[in-house]
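The following note comments on one structure, point by point. Please read it with the sequence and the 3D view at hand.

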Amino acid sequence: MRRRLVILAAVLAPLFPSLPTSAAAAPASTSETLAITGARILTAGPAGNLESGVIVIRDGRIISVGQGAPPAGARVIDAAGSIITPGLFATGSLLGAVEIGALGDDLSVNNPQISAAFDIREGLDPASTLIPIARTGGLTSAVVLPQPAGGGFGAHEHDGEVSGGRLTAGGGHELRPNTLFAGQGAVIRLNGAGDMVVRGGVGVVVAFGKAGAQAAGGARGAQIAALKAVLSDVRAFAANRSAWETGSYRELGLSKADLQALVPLVQGRTPLIARVHRAADIRSVLKLAREEKLRLILEGAEEGWMVAAEIARAGVPVILNPITNRPDSFEILGATLENAARLNAAGVTLAFTAPEGAAHRARETRYGAGTAVAWGLPWDAALAAVTINPARMFGVSDRTGSLEAGKDADFVIWSGDPFEPLSTPKAVYIRGEAQDLTTRQTELRDRYKDLGGPLPPAYRRR
């Protein structure tokens with residue numbers, strides 16, 4: 001009976017109000033100076049790794065990182081034997097935009113007037129139950145990216161039929177310019193506060209390869225041609241906006257909202273985030289970006305190692321899932337656990353995402369980094385891939401991503417190596433405030449862990 005109650009509670013939990021939470025670690029007051037001493041500090045910044053260092057924070061920011069005695073009057077936390085890192089990034093995440101897939105999400109749009117103009121930050125939920133779970137994996141920030149309408153997430157979304165009016169069961173499709181763009185991403189902090197958005201409009205997402213071909217009429221070449229035509233229209237709009245507004249300029253292929261959203265892209269102020277997998281498609285995207293003078297970030301790139309030198313020459317960073325190694329589609333036949341190590345060896349800047357859409361399993365981001373280390377990636381490169389690299393890619397490295405004076409106090413105190421599965425966060429700080437590591441799962445565990453005696457023999461785990 002006890003086990004039945006536990007299972008029933010897990011199923012019915014979303015239907016009931018939030019359970020009482022345990023008290024979080026007491027945060028520092030806005031005027032208090034806090035010094036954390038004795039830990040090994042891995043700054044992911046210019047100071048490198050510090051043995052038995054001291055990090056001082058006040059007003060939500062880092063005052064200093066170094067060695068020596070804490071300042072007079074500071075509240076001191078002894079973290080001897082622990083490791084401190086910057087808070088980790090969930091890059092290419094869905095956090096805040098999805099809760100339960102069957103109930104829908106705020107990841108994509110199927111609207112002929114809105115594609116590139118779709119801004120995912122407008123629908124994010126700081127109270128998502130997935131955010132506290134992510135924090136238990138040391139995550140303090142996320143880069144949330146929209147998804148192609150009906151397309152799902154990751155390397156395999158294009159292996160099935162696409163829904164949402166894009167493709168039919170028989171393979172037919174509607175060709176509309178809005179199918180080319182998924183929308184714009186955002187950087188968020190994972191403190192569950194209403195001001196969770198750090199920066200919006202951090203990139204325009206476009207799916208390439210088979211998914212992009214389907215969206216553009218069925219052929220990869222059709223997508224490239226359509227994108228070039230759209231980018232030409234956007235440049236024309238930017239140069240002749242007044243005439244277009246008064247109706248004295250030629251008709252353009254996108255809505256005003258989409259044209260406006262794409263101006264920063266063609267001007268090089270916003271990157272194109274290309275979801276691409278096959279080596280040949282990566283080459284096509286690199287060529288497109290070179291010809292159109294676009295800033296580019298590759299996402300996916302399971303066969304990136306095959307064209308690593310070309311990616312490095314172009315100075316293009318890559319977001320990837322380091323544990324993808326199964327060739328379960330023709331677009332990722334070359335997938336390997338050594339992808340991250342080989343790209344890094346070629347000089348490519350990396351950021352890591354987590355499996356299964358980086359929402360429900362976002363906390364596993366650190367496990368992927370550890371796997372990459374096991375398959376040849378240097379440890380410090382793996383740390384950079386989940387801290388400072390994504391911060392730089394998406395324009396927030398002045399605020400977070402490394403432990404440096406003047407940046408937000410986003411950091412984690414670990415019981416051991418953060419890439420070891422048995423290590424756990426002792427404390428997670430976001431903007432200098434200790435975060436509650438209670439989740440709905442731990443609340444349910446605590447509610448039903450003692451129902452008056454041991455489980456009957458038939459329900460005991462064998």
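1. The model is predicted. Its strands include an open sheet of 8 strands, arranged in the order S6-S7-S8-S9-S10-S11-S12-S13, and the pairing within this sheet is mixed. As background, the strands of a sheet pair through backbone hydrogen bonds, in either a parallel or an antiparallel sense.

2. Which strands form the edges of the sheet? They are strand S6 (88-93) and strand S13 (350-352), each of which pairs on one side only. On average, neighbouring strands of this sheet are turned by 25° against each other, with direction ignored.

3. Strand S12 (residues 318-320) pairs with S13 in the parallel sense, over 3 bridges. Within this pairing, valine 318 has leucine 350 in S13 as its bridge partner.

4. A helix pair also deserves attention. The axes of helix H3 (residues 209-216) and helix H4 (residues 220-239) come within 7 Å and cross at roughly 70°. Angles of 65 to 115 degrees count as roughly perpendicular, and H3 is therefore roughly perpendicular to H4. The crossing in which H3 passes H4 is left-handed.

5. Which residues bring the two helices into contact? From H3, Gly209, Lys210, Gly212, Ala213 and Ala216 take part, and they meet Arg220, Ala222 and Gln223 in H4.

How values were computed
Residues numbered from 1 in each chain as written. Predicted model: local features only at pLDDT ≥ 70, side-chain atom pairs only at ≥ 80, totals over all residues. Heavy atoms only, no water. Pairing = 2+ DSSP bridges. Helix = DSSP H or I, 4+ residues; strand = E, 2+ residues; numbered from the N terminus. Axes fitted to C-alpha atoms, helices over the stretch in contact; angles between N-to-C directions. Parallel < 35°, antiparallel > 145°, perpendicular 65-115°, else oblique. Left-handed = near helix turned anticlockwise from the far one by under 90°. Contact = heavy atoms within 4.5 Å.
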